[in-house]
Amino acid sequence: MMSLPYQPHILVADDEASIRRLLQTVLEARGYRVTVVEDGLQAAACLERERVDVAILDIRMPGENGLDLFRRMKPDCPETAFILITAYGTVRTAIEAMKAGAFDYVTKPFLVDEVEVMVERALEVGRLTRELDRLKRKVNGQPGEQLIGQSQAMQKVFKVIGRVAPTDAAVLIQGESGTGKEIVAGLLHHYSLRREGPLIKVNCAALPEGLLESELFGYEKGAFTGAARSKPGKLEMAHTGTVFLDEVGDLPLSLQAKLLRVLQEKEIDRLGGVRTIPVDIRVVAATNRNLAEAVHSGQFREDLFYRLNVVNITLPPLRDRAGDIPLLAEFFVQKYAARVNKGTLLLAPETLALLESYHWPGNVRELENTIERAVILASGPVIRPEHLPDEFLEYTEGREGGPSGGRIRERGDTPAGRPGHRTDETAAQPACEFPYFREGPLPTLRQAIQQVERQLIAEALRRTGGNKSRTARILDISRRALQYKMEAYGLEKCSG
Ligand SMILES: Nc1ncnc2c1ncn2[C@@H]1O[C@H](COP(=O)(O)OP(=O)(O)OP(=O)(O)O)[C@@H](O)[C@H]1O
């Protein structure tokens, strides 16, 4: 099912029936959706309820006058261009309105072409502003724009995105945290026919149930204590666009039922509301939980699962597509070097080897953070292993005998046998006799340190021919401390 091209929504609020009729006829003939109301209260209700691209408000209206209404609603309606209609003698008020950010004003009596041109211009400015925002996001490399990956697994993902983006099919994106689910959601919207409409994100794990309910479905004035005015929910705000339900696996069961109803009926009941509001939305959901298992254990409704999972995109963890690491690392180096004006920065081969041999539990997000930090720490033109976090070096050293000990793996997709373990390494040769703990149960940290300490002292004694003073100097400890440790480790026989 394809979505229709975006149809701009115009609100006309005027107490004169002839003006309402005239504007409605002319604007509908241009293909716009037009709502006409006769007073300020109805106009406010419409602005609160729906997305309005252009609001044409008469300044003199019963209920709330157009100027007050415009001033009150403007902060909540950033997408709306306001055009005010003034009578002779109130032009000063209109000028005030312009200063307060109205798009334009027109004085009565006016030529209808004048208003048509104004509406057209307002829509064009709206389109350009959205395009500018999109370009800004692109320059900043924000989600929705850059999904890097040359591995077969990612190439498959790109193809699916290309195929399903222009349809209205619901998509469920699965993958561990940091694998790029939000970027995929942005791309699905960006390449859809709804790209002119909004992309609204809701994190279903971020709020307690009650707040999440009003956030998703909105509420009417007085629906609960503190609901001083009506507010549309995120599902409603996504009208004509896409709603991205992040962490959908955490949606409480009661809200799952309500969401299912919205998706089936294509309409919303706000909390405390008496009428239903039609919505035209496309749903993209994401989760790092196994939703099929959640269905099995009764934590997630099966019918909702099927409705969300019409197309499934599963993002593989970074450790299963290590072939993407050089490309991603290079991309992030460029991105952050440009951000801190560092000019050309290069990754040393041994740094890249370390990056490639790490298991990346935090996936691409962790890689990005690691590179950002390294770019800041690098003082010269090359990012070296010492610019990576210590725990990172410890991991790879413990696993592979250090960056120089292990063979650097071929680039490409090599699904690991189990998380964090590489399957294509030749056995790394330890550079010295320190323990590597490859097999068998791991020692405690204290035991490991003692093993290292004993071997280091034995080696230093060997090199000095058992001379305790020189050994203590090399190891930078006192002679007494050395004596004590030699006794503790049974190394007396190593001294001369
Ligand atoms: N393939 C990729 N190419 C470029 N950047 C990526 C890629 N995958 C992830 N990133 C970057 O990694 C970070 C995390 O990505 P994103 O927020 O999309 O992950 P997520 O799967 O939605 O994570 P979570 O489940 O924790 O919300 C972002 O800064 C994003 O730009």
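Predicted model: local features only at pLDDT ≥ 70, side-chain atom pairs only at ≥ 80, totals over all residues.
Two residues are in contact here if their C-beta atoms, placed from the backbone, lie within 7 Å.

**Asp58 and its surroundings**

Asp58 touches Ala13, Asp14, Asp15, Gly66 and Ile85, leaving out residues up to four places away in sequence. Its place is in strand E3, residues 54–58. UniProt, in an unreviewed entry, puts the feature "modified residue: 4-aspartylphosphate" at Asp58. Is Asp58 buried or exposed? Asp58 counts as buried because 25 other C-beta atoms lie within 10 Å, and the cut-off for buried is 20 or more.

In soluble globular proteins, nonpolar side chains tend to be buried together. In this model the largest nonpolar core has 41 residues, and Ile173, Val184, Leu188 and Leu235 have the most contacts inside it. Helix H7 (residues 181–190) supplies the largest share of this core, five residues. Take Val184 as an example: beyond its neighbours within four places in sequence, Val184 is in contact with Leu147, Ile161, Ile173, Ile313 and Leu315. Another core lies apart from the largest one; it has 36 residues, including Leu27, Val34, Leu84 and Ala122.

**The ligand shell**

How many residues surround the ligand? There are 19, and the closest are Ser177, Gly180, Lys181, Glu182 and Val364. H7 and helix H15 (363–377) are the elements that give two or more residues to this shell. By class, the shell has six nonpolar, eight polar and five charged residues.

**Helix H8 and helix H10**

Helix H8 spans residues 209–217, and its buried residues include Leu212, Ser214, Leu216 and Phe217. Elements that cover the buried residues of H8 are listed here, with H10 also among them.

| Element covering H8 | Residues |
|---|---|
| Strand E7 | 199–203 |
| Strand E8 | 218–219 |
| Helix H9 | 234–237 |
| Strand E11 | 267–269 |

After H8 comes Gly218, which has a positive phi, near 75°.

Helix H10 itself covers residues 253–265, and Leu253 is in it. Is Leu253 buried or exposed? Leu253 counts as exposed because it has 12 C-beta neighbours inside 10 Å, and the exposed class takes in residues with 12 or fewer. Leu253 and Arg301 are 48 residues apart in sequence, while their C-alpha atoms are 7.3 Å apart in space.

How values were computed: Residues numbered from 1 in each chain as written. UniProt positions renumbered as here; feature names shortened; annotations may be inferred. Helix = DSSP H or I, 4+ residues; strand = E, 2+ residues; numbered from the N terminus. Core = buried A, V, L, I, M, F, W, Y, C linked by C-beta atoms within 7 Å. Near = placed C-beta within 6 Å. Nonpolar A, V, L, I, M, F, W, Y, C, P; charged D, E, K, R; others polar.
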